[in-house]
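Subject: Handing over a structure, with notes on what was found

Dear colleague,

I am passing this structure on to you, and I would be glad if you kept it open beside this message while you read.

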Amino acid sequence: MQEVHMVAQGKGGVGKSLISSFIAQYLQPKTAKLHCYDTDPVNPTFSHYQALNPKVVNILTEDNNINTRFFDDLLEDLLNLDGIAVVDNGAATFVPLMAYMAENDVAYMLAENDVRLIVHIPVTGGQALNECLKGLNQSLQTINAEFVIWLNEHNGKVEQDGKSFEQFGIYQQYQDDILGVVKLESFSADTYGQDIAQMTSLNLTFEEVKMSPDFRMMAKNRLKKFKEYVFEQLDALPLTDAELNHDGAE
């Protein structure tokens with residue numbers, strides 16, 4: 001694998017699967033082979049995006065306990081397959097995943113095999129902010145990787161005591177490991193909000209929306225603008241080795 005993009009957060013309901021779908025759609029035209037994985041045993045939402053063909057990684061035993069050894073199969077794929085991978089990890093498997101990655105030194109193994117690991121962490125505003133920051137802190141402490149922080153402001157701005165996220169102590173402490181920040185602003189609930197909700201409820205990609213009879217022209221136009229808004233932020237980050245090499249050549 002050239003690169004692994006992992007989406008992880010211990011707090012549920014913060015948009016992990018949606019963000020995974022954005023990352024996969026952004027990377028799909030940039031690689032000959034895209035491999036998507038859904039490791040959420042409770043809400044495998046990412047696996048419902050049929051256009052992305054995600055593989056479900058079942059880490060539950062017959063008595064519904066989590067067996068972290070089942071991550072071994074996923075790791076084999078990440079070490080041996082060509083292309084770029086996107087891995088959506090559920091809240092229920094966050095703690096076991098962190099333990100597995102620490103115990104098996106997964107980040108080092110990937111780096112030793114020339115696989116770049118980028119971890120995407122959603123952080124949402126509102127009442128869930130503190131829980132999100134705990135999950136972010138655990139990831140930053142546990143995984144030796146590069147990080148992209150997604151600020152999901154659907155439930156409120158990501159700020160504390162008048163400080164923006166870039167002024168938070170956790171950002172200041174780990175900013176050398178953070179590639180950048182992607183902001184998902186809270187758009188009008190009556191227009192953009194409903195369009196995005198409909199797209200996600202149908203598990204459609206932006207390309208599928210273009211052809212879907214379920215969306216009227218104005219809704220399609222708004223979603224096109226939303227895609228451009230997200231992808232332009234990703235364009236500003238060095239997310240693929242090809243882009244890194246190109247920048248280096250310049």
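Contact, as the word is used here, means heavy atoms within 4.5 Å. This is a predicted model, in which local features need pLDDT of at least 70 and side-chain atom pairs count only at pLDDT 80 or more, while totals for chains, interfaces and linings use all residues. Residues are numbered from 1 along each chain as its sequence is written, and side-chain values use heavy atoms, with hydrogens and water left out.

If residues up to four places away in sequence are not counted, Phe165 touches Leu133, Leu136, Ile149, Leu151, Val158, Ile170, Tyr171 and Val181. Apart from the core around it lies another core, of 35 residues, including Ala24, Tyr49, Trp150 and Tyr192. A nonpolar core here is a set of buried Ala, Val, Leu, Ile, Met, Phe, Trp, Tyr and Cys residues joined through side-chain atoms within 4.5 Å, where buried means under 20% relative accessible area, exposed over 50%, and partly exposed in between (1.4 Å probe, protein chains only). The largest nonpolar core has 45 residues, and Val123 and Phe165 are those with the most contacts inside it. In soluble globular proteins, nonpolar side chains tend to be buried together.

**The sheet**

Helices (H or I, at least four residues) and strands (E, at least two) are DSSP runs, numbered from the N terminus, and two strands pair if DSSP finds at least two bridges between them. With these terms in hand, the model shows an open sheet of seven strands in the order β3-β2-β4-β1-β5-β6-β9, with parallel pairing. Its edge strands are β3 (55-56) and β9 (178-184), each of which pairs on one side only.

How many bridges join β5 to β6? Seven bridges join these two strands, which run parallel; in β6, the bridge partner of His120 is Val148, and that of Val123 is Leu151. Between the two strands the chain crosses from β5 through helix α5 (residues 129-142) to β6, and this β-α-β crossover is right-handed, a word that applies if, with the strands pointing away from the viewer, the path from the first strand over the helix to the second runs clockwise. β1 and β5 also pair in the parallel sense, over five bridges, and here Glu3 stands opposite Arg116 in β5.

Nine of the nine residues of β5 are buried, so this strand is largely enclosed by the rest of the structure. Both of its faces are covered, with Arg116, Ile118, His120, Pro122 and Thr124 buried on one side and Leu117, Val119, Ile121 and Val123 buried on the other.

**Salt bridges**

A salt bridge is a side-chain nitrogen of Lys or Arg within 4 Å of a carboxyl oxygen of Asp or Glu, and a search of the whole structure finds ten of them. In one, the side chains of Arg116 and Glu3 meet (2.9 Å, N to O). Arg116 lies in strand β5 (residues 116-124) and Glu3 in strand β1 (residues 3-7), so the pair ties together parts that are 113 residues apart in sequence. Arg116 counts as buried because its relative accessibility is 10%, and Glu3 counts as buried at 0%.

The side chains of Glu146 and Arg116 also meet in a salt bridge (2.6 Å, N to O). Glu146 lies in strand β6 (residues 146-152) and Arg116 in strand β5, so this pair ties together parts that are 30 residues apart in sequence. Glu146 counts as partly exposed, at 26% relative accessibility.

Helix α1 (residues 16-27) has twelve residues, which at 1.5 Å a residue should span 16 Å, and its end C-alpha atoms are 16 Å apart, which agrees; the expected span is 1.5 Å times one less than the number of residues. α1 is mostly covered, since eleven of its twelve residues are buried, among them Phe22, Ile23 and Ala24.

Thr200 lies in helix α7 (residues 189-201) and, at 23% relative accessibility, counts as partly exposed. Leaving aside its neighbours within four places in sequence, Thr200 is in contact with Leu18 and Tyr49. Thr200 and Tyr49 are 151 residues apart in sequence, yet 9.1 Å apart in space, C-alpha to C-alpha.

With best wishes
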